[in-house]
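The sequence and structure are shown first.

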Amino acid sequence: MNTEITESERAALEVLKSTGVDVLEAALVAREALECGRGRVRRARECVRLGAEEMRKRERTVTFRKAVEAALEEREKKNRRARTVTDFRYYCKRLMVRNPGLAERRVRSITPDDCREYLQAAYGESPSQYRKARAILSGVFSSAIKHDWCDSNPVARVEVPEVVEKPIEPLTIEEVERLEAAAQLPEHREMQLSLHLMLYCGIRPTEVSRIDPERDIDWQNQRVVVRPTTSKTGGGRVVPLRKAGAITVRTIPRRWLQRWRALRKAAGWSKETAHPWRQDVCRHTFATYHAAHFRNFPALQLEMGHRDCTLLRTRYVYAGNGTEVSARRYFRF
């Protein structure tokens, strides 16, 4: 057996020795690279280059917790509303609590299947919350992409669950009168304007709490300006101020949410009773009776601040018995 080696082979051994790696192991790695390159040196080098690039990507990432902190910081710098930031923080925290190990998971390693599993564990019982959590989780990865912590957004491949909107019954005229009577009590009179804006202008509670009566209400022309900075959706609108003569207190009080809860309780709604408050029912009541009384969907759409009439036709309009009669009483001038 000829054990002599050529000058080229001798040089190759010297190159392998200079790496500080066992010569045999280095030779095996070289052979694996050639096998990946299908026996072609140029292709083998390309395999090595791509592999090295992938390794650098894997190392250039952060934990999910860190990605959430960065995404929150971005939103705070953009002066997003406090409620938006609070919701973002709450949903992400619940995702991490319901999914042990997620907080320290590297974002580049998280797959669409992982995201689907995380969302199901944290919000699977509520389709609407699942949708919102999905949007927030997507925001975390969008922020991570900007920092080059991952290459794509795995949430984009997670299906959006369908939410079937159910019709919600409006307040009865008797229930409306109970609320208005409670607002006449001395301890609740400061909520009179707020209640009026919700019942007869269809303005959302959070929007009402941000309204400045001196700046946003034109008392002479009887209209309310819901500015983009006030609106929940970021779009402004102008709403007629109907029955303005019934308003005797023209202020929006501080500690608004606590006062609103106290007014509802005084009118007979509370967690302690069998008569729970239905979220956004004042706005729905306005929409229901407006549609029945004025029969003008385009006008109602503008006053509600909706993009189109779809939601009005599916969720807000309740055609129950006596709706038209109640609507005439509701909008009596």
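## Helix H13

In this predicted model, helix H13 runs through residues 281-294. Its 14 residues reach 19 Å from the first C-alpha to the last, close to the 20 Å expected at 1.5 Å a residue.

The helix is mostly covered, with 12 of its 14 residues buried. The buried set comprises Val281, Cys282, Arg283, His284, Thr285, Phe286, Ala287, Thr288, Tyr289, His290, Ala291 and Ala292. Just after H13, the backbone of Arg295 takes a positive phi of about 50°.

## Helix H5 and its packing

Helix H5 comprises residues 82-98. Over these 17 residues the distance from first to last C-alpha is 24 Å, close to the expected 24 Å at 1.5 Å a residue.

Its buried residues are Val85, Asp87, Phe88, Tyr91, Cys92, Arg94, Leu95 and Met96. An α-helix has 3.6 residues a turn, so residues three or four places apart point the same way. Val85, Phe88, Cys92 and Leu95 are among the buried positions of H5. The partners of the buried residues in H5 are helix H4 (64-77), helix H6 (112-123) and H7.

## Ser143 in helix H7

Helix H7 spans residues 127-146 and contains Ser143. Ser143 counts as buried because its relative accessibility is 2%, under the 20% cut-off. When neighbours within four places in sequence are left aside, Ser143 is in contact with Ala70, Ala71 and Glu74. Helix H4, at 64-77, and H7 are also among the elements against which the buried residues of H5 pack.

## Two loop residues

Gln222 lies in the loop between strand S1 (217-218) and strand S2 (223-226). With a relative accessibility of 41%, Gln222 counts as partly exposed. Apart from neighbours within four places in sequence, Gln222 is in contact with Pro240, Leu241 and Ala244. The C-alpha atoms of Gln222 and Val239 are separated by 8.9 Å, and the two residues are 17 residues apart along the chain.

Gly305 occupies the loop between helix H14 (297-304) and helix H15 (310-316). Gly305 also counts as partly exposed, at 31% relative accessibility. A distance of 51 Å separates the C-alpha atoms of Gly305 and Leu50, which are 255 residues apart along the chain.

## Overall form

The secondary structure of the protein consists of 16 helices and 3 strands. Its radius of gyration is 31 Å, whereas a compact globule of 333 residues would have a value near 20 Å. Along the principal axes, the C-alpha trace spans about 110 × 40 × 40 Å.

Of the contacts with a separation of 6 or more, 64% join residues 24 or more positions apart.

## Burial, surface and charge

Buried residues account for 39% of the 333 residues in the protein. The accessible surface comes to about 20300 Å², and carbon and sulfur atoms contribute 51% of this area.

The protein carries 63 positive and 44 negative side chains. The centres of these two sets lie 6 Å apart.

How values were computed:
Residues are numbered from 1 along each chain as its sequence is written. This is a predicted model: local features need pLDDT of at least 70, side-chain atom pairs count only at pLDDT 80 or more; totals for chains, interfaces and linings use all residues. Side-chain values use heavy atoms; hydrogens and water are left out. Helices (H or I, at least four residues) and strands (E, at least two) are DSSP runs, numbered from the N terminus. The radius of gyration is taken over C-alpha atoms; the globule rule is 2.2 Å times the number of residues to the power 0.38. Buried means under 20% relative accessible area, exposed over 50%, partly exposed in between (1.4 Å probe, protein chains only). Contact means heavy atoms within 4.5 Å. Accessible areas come from the Shrake-Rupley method with a 1.4 Å probe; for residues, only the protein chains shown count as cover. Lys and Arg count as positive and Asp and Glu as negative; His and the chain ends are not counted. The place of a charge is taken as NZ of Lys, CZ of Arg, CG of Asp or CD of Glu. The expected span of a helix is 1.5 Å times one less than its number of residues.
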